[in-house]
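The following note sets out points for a colleague who is reviewing the model shown below. The points move from cavities to the overall fold and then to individual side chains.

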Amino acid sequence: MKHFLIHKIKKRKPKIHPSLLTPIFGICGFCIILALYRLNGYSMLFGQSPPSGIQSVKKNTSEADFQKLLHDIFQSEVTSNTLNLHFTLADPASADITDYPITFGEVSKKSEEKQLALLENIKKELQTFDVSTMPASSQLTYDVLMDSINLNLERAPYYYYDELLSTTNGAQNEYPILLAEYTFRTKKDVDDYLKLLTKYDDYFQQICEFEKEKSDHGLFMNQKAAMNLIEQCKAFLPERSKKSFLETTFTERLNQIKSLSKKEKKSYIKQNKQVLNEHVYPAYQNLIAVLDSLKNTGKNEHGLSHYKNGKNYYKLLVKTLTGSDRPVPELQKMVETHRNQTLSELLKLAEEINQKKPKKQKKKENELLSAASYDVLPSRTPEEILEQLKKKMKPDFPSIPDTAYTVKTVSEKLRDFLAPAFYLTSPLDQYQNNCIYINPGNHYSNMELFTTLAHEGYPGHLYQTVYSYSAKLAPIRYLLYHGGYTEGWATYVEMLSYHYAGLDEKLASALMKNQDATLSLYATIDMGIHYDGWELGDAANFLSAYGITNTSVISKIYQVIIENPGNYLKYYIGYLEFLQLKEQAKEYYQNDYSEKLFHTAVLDMGSSPFYIMEKYLPRYYDSKK
C-alpha cells in the first residue's frame with residue numbers, strides 16, 4: 001500500500017519569513033503534511049460475501065459482534081506497518097498482538113488492487129449490521145469507518161495522482177524522524193528496529209518504481225520539485241567522519257534499557273551502524289539517482305487541473321483531506337467571505353489600537369501589527385509557555401489525565417527541510433509521555449512560539465490526542481486520519497491562544513484576525529491553482545491586491561502549493577468548519593450554550609468528517625449538559 005503512514009507526525013504549517021509579507025499582515029503560515037489515509041493491510045478474515053441472490057437478510061444488531069469486527073480490523077491494520085504498530089501500541093500484547101511481520105508496508109499496483117478488494121469485503125461485512133439500536137459511539141464509528149472506505153474506493157482510479165515524496169511530508173523526511181523517536185522499551189524493540197532498517201532500501205526501491213510508473217503515465221512531479229527533493233535527500237546522508245543523528249539517537253535510546261550489558265550495547269551499536277551503511281544510506285543514494293533520471297520527465301509545471309481528470313481528483317482529495325463535503329466553489333466563497341469580514345474587523349481594531357498611542361508613536365495599521373507580532377511577549381522557555389497555556393485554557397476545555405511532555409529541537413542538519421514544529425503522537429496504551437519538536441531554524445518571535453506551542457501542545461495536538469485516548473473510542477478510530485479535524489482543531493485553538501497570552505484584548509483579537517486572514521490567502525491560492533488552473537501570474541495578481549508583491553516569495557508559495565495540493569485546506573477549511581459547528585451550536589442552544597460543553601462534545605466525537613460530526617453534535621452536546 002503506497003500510503004506509508006497514517007498520522008503519527010502532526011505539524012504546524014511551514015511558513016515564509018514574516019518580514020516578506022508585512023505589507024498587510026505581518027505573520028504568514030505554511031501548511032504541511034500530506035498524509036492521505038487509505039485503509040491498508042487487511043487480511044481475509046471476514047469470510048465470503050453473502051450470496052447475491054439473497055435480497056432480504058436479517059441484519060445483525062449485536063453490539064458485541066460489531067465490536068469484535070472492529071477489533072479484528074484494528075489488529076489487521078495496525079500490524080500492516082511496523083512503525084504504525086510501534087507508535088500506536090507500546091505493548092502490542094495488550095491488544096492480543098503477539099505475532100506480527102516487520103514491514104514498512106508495500107507500494108505496488110498489485111498490492112493496491114488487493115487492498116481495494118479487501119475494502120469491498122469489509123464494506124459488505126459492515127453492511128450486515130444494523131447499528132441503529134447501538135450506542136451513539138458505535139453508530140458514529142460505523143459511519144466514520146464506512147465513509148473512509150467509500151472515499152478510498154472512490155479514489156481508486158487516481159492511484160498515480162497521489163504522491164509519496166514531498167519536501168514537507170514525504171517518506172524520505174518523515175521516516176528518519178520516526179526512526180529517531182522509535183522508543184526502546186525492551187530488547188525486542190531493538191531487534192524489531194534493526195530488522196526494520198534492513199528493509200529500508202527495498203521499501204524505497206518500491207517508491208522509486210512507483211515514481212517511474214508515475215512518469216510513464218505523464219504524472220511525474222515538475223523539475224523544481226524533483227531538484228528540491230534531491231537536495232533534501234542529500235541532507236540525510238552522513239557527512240564524512242561525522243555520526244548521523246540516526247546513530248547518536250540510537251545510542252541514547254539504548255541507554256533507556258537498564259538491563260542491557262555494556263557488551264550488548266556495543267554489539268547493537270555496531271549492528272546499527274552496519275545496517276545504516278548497507279540499507280538506509282544506499283536507499284537515499286538510489287532515490288537521488290532515480291529522481292535525477294526522472295527530473296525532466298514531468299509534463300506539468302502547474303496544478304492538478306492541468307492534468308487529465310486532475311480536477312476530479314482534486315475534488316476528491318479536498319473532501320478526503322478536509323472532511324468537508326462542500327463543493328470546491330462553495331469552499332472558495334466561504335473562504336472569501338470570511339476573509340473579507342475578518343479584514344474589515346482587523347482594520348477597525350488596528351485603528352482603535354493606534355488611536356490609543358501617543359501621536360509620535362502612531363504607525364500605519366500594517367506596521368503596528370507587524371511590530372506587535374514580534375515584540376509584545378517576553379522571552380520564555382517552551383516549557384513555561386506550555387504551562388501557561390495549560391492554566392489559561394482550563395475554563396474553556398475539559399480536563400485530561402496527567403501527562404508528561406518533552407520539548408526537543410530539530411537536528412541542525414535538518415532544520416532547512418523540516419517543519420517549524422511538530423508533535424509525535426503517543427501510543428494508545430502509554431499516552432503519559434509526549435514529544436514536541438521545535439525547529440530553531442524557523443527563528444520564532446516570542447508571539448509565534450507561543451501560538452505554535454498552542455497548536456502543537458495545549459490545547460492543540462498533544463491535548464486533543466490525550467483527550468481522545470482517555471475517551472476510550474474504538475481502537476480503529478485512532479487509525480482513521482481526518483486532516484480537517486486534526487489540523488482544523490489545532491488551528492482553531494491556535495487562534496484562541498492569542499487570548500491566553502496576557503495581551504490587551506483588542507491587540508489579541510487583531511493579531512488573531514491578522515493570522516486568520518493571512519492563512520485564508522493560501523487556501524484561496526490552493527484552490528485557485530489546483531481547481532481553477534491558476535498559473536504563477538494569476539497567483540501574483542491575487543496576492544498583489546493584498547500588497548504582497550515580492551516575486552521570490554510568491555514563486556516559493558506557488559511551488560510549495562504545487563507540490564502539496566489541498567494541504568492548506570486541512571488547516572484552514574478545518575478551522576472554518578469548526579467555526580461553523582460552533583455557530584450552529586450557539587444558534588441551537590442559545591442560553592444553554594457554553595464553550596466548554598461545545599469543546600467536550602467535539603472532542604468526545606473524535607476525529608471525524610465534519611458532515612458526520614454535524615449529524616451527531618446535538619446528541620454528544622446534550623449528553624454533557
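1. How many cavities of 30 Å³ or more does the count come to by this rule? The count comes to 7. A cavity here is a set of points, on a 1 Å grid over the protein atoms alone, where a 1.4 Å probe fits but cannot get out. Grid points are joined across faces, edges and corners, and a volume is the space filled by probe spheres set on the points.

2. This is a predicted model, in which local features need pLDDT of at least 70 and side-chain atom pairs count only at pLDDT 80 or more, while totals for chains, interfaces and linings use all residues. Residues are numbered from 1 along each chain as its sequence is written, and side-chain values use heavy atoms, with hydrogens and water left out.

3. The largest cavity holds about 320 Å³ of space. Its lining comprises 26 residues, of which Glu-163, Met-221, Ile-562, Glu-563 and Pro-565 are the closest to the centre; lining residues have an atom within 4 Å of a point. By class, 16 of the lining residues are nonpolar, 6 polar and 4 charged. In this scheme Ala, Val, Leu, Ile, Met, Phe, Trp, Tyr, Cys and Pro count as nonpolar, Asp, Glu, Lys and Arg as charged, and the others, Gly among them, as polar. Helices H8 (223-235), H11 (310-322) and H20 (551-563) each supply at least two residues of this lining.

4. On the overall fold, the protein chain has 23 helices and 4 strands; these are DSSP runs numbered from the N terminus (helices H or I, at least four residues; strands E, at least two). Of the 625 residues, 61% are buried, where buried means under 20% relative accessible area, exposed over 50%, and partly exposed in between (1.4 Å probe, protein chains only). Among contacts (heavy atoms within 4.5 Å) between residues at least 6 apart in sequence, 81% join residues at least 24 apart. The chain exposes about 25000 Å², with carbon and sulfur atoms supplying 49% of it, as computed by the Shrake-Rupley method with a 1.4 Å probe.

5. The structure holds 16 salt bridges, each defined as a side-chain nitrogen of Lys or Arg within 4 Å of a carboxyl oxygen of Asp or Glu. In one of them, Glu-352 pairs with Lys-506, the closest N and O atoms being 3.1 Å apart. This pair links distant parts of the chain, 154 residues apart: Glu-352 lies in helix H12 (residues 328-355) and Lys-506 in helix H18. Glu-352 is partly exposed at 24% relative accessible area, and Lys-506 is likewise partly exposed at 33%.

6. Helix H18 (residues 505-530) also contains Ser-509. Ser-509 counts as buried because its relative accessibility is 17%. Leaving aside residues up to four places away in sequence, Ser-509 touches Leu-349 and His-499.

7. A further salt bridge joins Lys-582 and Glu-595 (3.0 Å, N to O). Lys-582 belongs to helix H21 (residues 567-589) and Glu-595 to helix H22 (residues 595-605), 13 residues apart. Lys-582 is buried at 7% relative accessibility, whereas Glu-595 is partly exposed at 23%.

8. Glu-387 and Lys-390 form a salt bridge as well (3.5 Å, N to O). They are separated by about one helical turn, because they stand 3 residues apart in helix H14 (residues 382-393). Arg-326, Glu-330 and Glu-577 are linked in a network of salt bridges.

Note on methods: 1 Å grid on protein atoms, 1.4 Å probe; cavity = no way out; pocket = protein on both sides within 12 Å on 5 of 7 lines; lining within 4 Å.
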